[in-house]
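Have a look at the structure first, then read on.

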Amino acid sequence: MAPFLFHLGKYFILMWRAFSRPEKLSIYRRRLLDEMVSLGLDSLGIIMVISVFMGAVITIQTAANIDSAFIPTYTIGFTTRQSTILEFSPTIMALILAGKIGSNIASEIGLMRVTEQIDALEIMGVNSSAYLILPKIVAAVLISPFLVIISMFVSIGGGYLIALFTDIVSVSNYEYGIQLDFRLYHVVYALSKSAVFAFIFTSVPSYHGYYAAGGALEVGKASTRGVVQSSIIILVVNYFITQIFLI
Amino acid sequence: MIEVKGLSKTFGDKQVLKDISANFEAGVTSLIIGASGSGKSTLARCLVGLIEPDQGEVLYDGRDFVHMTTKERKTVRKEIGFLFQGSALFDYFTVRENVRFPLDILTDMTSKEKEMRVDSVLERVELTDAHALYPSELSGGMKKRVGIARAISPSPRYLFCDEPNSGLDPQTSIVIDALIQEITKENEMTTLVITHDMNSVIEIGEYIMFIHYGEKWWEGTNKEIMQTDNKEILDFVNASGMMTRKRV
Ligand SMILES: Nc1ncnc2c1ncn2[C@@H]1O[C@H](COP(=O)(O)OP(=O)(O)OP(=O)(O)O)[C@@H](O)[C@H]1O
Ligand SMILES: [Mg+2]
C-alpha cells in the first residue's frame, strides 16, 4: 500500500507541476501543434483499420446471438451502433492508443531523462515537466474525441459492409436499426469519456518516463509499466464512469 | 565568482562528496580533475542544483543558491551554461535549433538577432556546415561542440563544462580549450571545466582542484602541479602518460 500511495502522490505532484503556468507561451504553442499533428495523423490509420473490423465483428456476433424469431433483425444494427458508441469506440480505441502513444511517450521522455536532456532543460530554467508533458496531454485530450468520432463512423460502416456483402442482415434493416432511438447524450458521454482516457494514457506513461533512471533497459521497463498501468486504470475508470453516468 | 563551502553528498551509504570548499574566481578557467568515479560530475550537479547536497553552501556572487526557492534559483540558472558529459542535445532539434533554444527561452532577442548569434557561435566551434543536421547524424566530438555552442550561446556568467575534451582529437581539443579560455576572459565568466586531459591542465589550468574519492585533495596552478610531491597527483599525472617526470 505504501509504495502505491508514494507513486500516487508523486504522480499528482508531477501533474501539478506540469499544469503550472508556463513561462514562455510561444515555445509551447509550437510543441502543442507538433504533438497534435503527430498524435492525430499517426494514429488515424490504425484507428480506421481496427474500427472497420470491430464494427464488422460486432454485427456478426450480434446476429449470431439473437437468432430468435421474437427479436427483430434491425436489433443487429441498433446493437452495433450502441456498443460502438458507448464502449467500443471510446474504450477500445483508448486501449489501442495507450499501447501505441503511451509506450511512445514513456520511452521518449525516459530517453530524455537518461541522456540528461531533462537536466539540460532544467538548467535553462525551463519547467521540464510542463514543457514535455503538458503539450502531450493537451494534444491527446483535444484530438482523441475526433479520433473516436472517426472510429464510430468507420465501425458502424464496418457493420454496414457486412449487411451489404452477406445475408446476415439486410441493408434496410441495418439502416433502420442504426437510426433507431438515437440519443446525442450517448455520443457526448462517449466523447467525454475518451477525453478522460486520453488524459490517462498520456499522463501515466509520462510519469513513468519522467522518473526513469539508469539506461536503455530502464526506459524499456518504464515504457511497459506505463502501458500496462494506463490500460488497467482506463478499464477501472471506465467502470466507474459507466456506473455513474449511464445507470 | 562561485564560493563553495563544506559541500557534502551521500548516495545511499556511499559518501561521494566530502566537505568540499573552494573559490572559483570570475575570469578564470578553473579545472576540476580526478579519477573516474571520484565525484567530479556529482560536484558540478550539486553546484547547479540538479542534485541537492546534504550539507554545505554554494554562493553565486554572494547569492546563496542552496537555500533559494525554485523561483529564485531560476534567475541564477538563467546565467548558467552547462555542457553535460554526454552532451544532452535535444534529439528532435537540429544543431541550429539546439543552439538557438536557450536564446528563445532566456532572452528577448529578435529572431534576426538570434540567428546572427547562432551563426557566430557555430562559427566559433567550427560547425557552420553542420547547422541543419540532427544530433543522431553527428559524431561524438561534433556533439560535444554543439553542446558547448548551446551552453555559451546566451552568454552565461557561469559556465560548467563536464569533460569538453573527451572524444575529441588532440587538435580540436586545443581549439576548444582555447575557446573556453577566451570567452571566459572576454566575458569575465566564472568557468569550471571537469577534465581528464592533462594537456588542458597544462595549457589552461590557472586554477586546478584535484578530487580524490570525493575529497578536495589538492589545489593550485598548472605550474604548481608540475612541482607537487603529492603521491596521488603524481599517480594521476603519470597515468595520463603524457609526462614522464622524475621526482627531484
Ligand atoms: N544518482 C546517483 N545515485 C547513486 N550513486 C551515484 C549517483 N550519481 C553518481 N553516483 C556515484 O557517485 C560516484 C561519483 O560519480 P561521478 O559521476 O560524480 O564521477 P566522476 O568523477 O564524474 O567520474 P567520470 O570521470 O567517470 O565521469 C560514483 O561512484 C557513482 O557511482
Ligand atoms: Mg563525470
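## Ground rules

Buried means under 20% relative accessible area, exposed means over 50%, and partly exposed is what falls in between (1.4 Å probe, protein chains only). This is a predicted model, where local features need pLDDT of at least 70 and side-chain atom pairs count only at pLDDT 80 or more, while totals for chains, interfaces and linings use all residues. Residues are numbered from 1 along each chain as its sequence is written, chains are lettered from A and ligands numbered from 1 in the order in which they are written, and side-chain values use heavy atoms, with hydrogens and water left out.

## A tucked-in arginine

Let's start with B:Arg73, which sits in helix H2 (residues 70–77) of chain B. Helices here are DSSP runs of H or I with at least four residues, strands are runs of E with at least two, and both are numbered from the N terminus. B:Arg73 counts as buried because its relative accessibility is 10%.

What does it touch? Leaving out residues up to four places away in sequence, B:Arg73 is in contact (heavy atoms within 4.5 Å) with B:Gly49, B:Glu52, B:Phe65, B:Val66 and B:Met68.

## Where the chains meet

Chain A puts 21 residues into the contact and chain B puts in 25. Together they bury about 1,900 Å², 60% of it on carbon and sulfur atoms. Buried area is the accessible area (1.4 Å probe) that two parts lose on being put together, summed over both.

A:Glu122 pairs with B:Arg77 in a salt bridge, with the closest N and O atoms 3.7 Å apart. On chain A, the elements giving two or more residues to the side that touches chain B are helix H2 (25–65), helix H3 (74–114), helix H4 (117–123) and helix H5 (128–165). H4(A) gives the largest share, six residues.

## A covered helix in chain B

Helix H3 (residues 95–106) of chain B is mostly covered, with 11 of its 12 residues buried. Among them are B:Arg96, B:Arg100 and B:Asp104, along with B:Phe101 and B:Leu103. The cover comes from both chains: it includes H2, H4 and H5 of chain A, plus helix H4 (111–124) and helix H5 (140–152) of chain B.

## A nonpolar patch on chain A

Over on the surface, A:Tyr185, A:Val228, A:Ile232, A:Val236, A:Tyr239, A:Phe240, A:Ile244 and A:Phe245 make up a nonpolar patch with about 820 Å² of accessible area together. Patches use residues with over 30% relative accessible area and no salt bridge, joining like charges within 9 Å and nonpolar side chains (Val, Leu, Ile, Met, Phe, Trp, Tyr) within 5 Å. The areas come from the Shrake-Rupley method with a 1.4 Å probe, and for residues only the protein chains shown count as cover.

Helix H8 (residues 216–246) of chain A supplies the largest share, seven residues. A:Ile232 is in that helix, and it counts as exposed because its relative accessibility is 52%.

Most residues other than glycine have a negative phi. B:Asp19, in strand E2 (residues 14–24) of chain B, has a positive phi of about 50° although it is not a glycine. B:Tyr213 has a positive phi too, near 45°, and lies in the loop between strand E9 (207–212) and strand E10 (215–220) of chain B.

Conventions
Salt bridge = Lys/Arg side-chain N within 4 Å of Asp/Glu carboxyl O.
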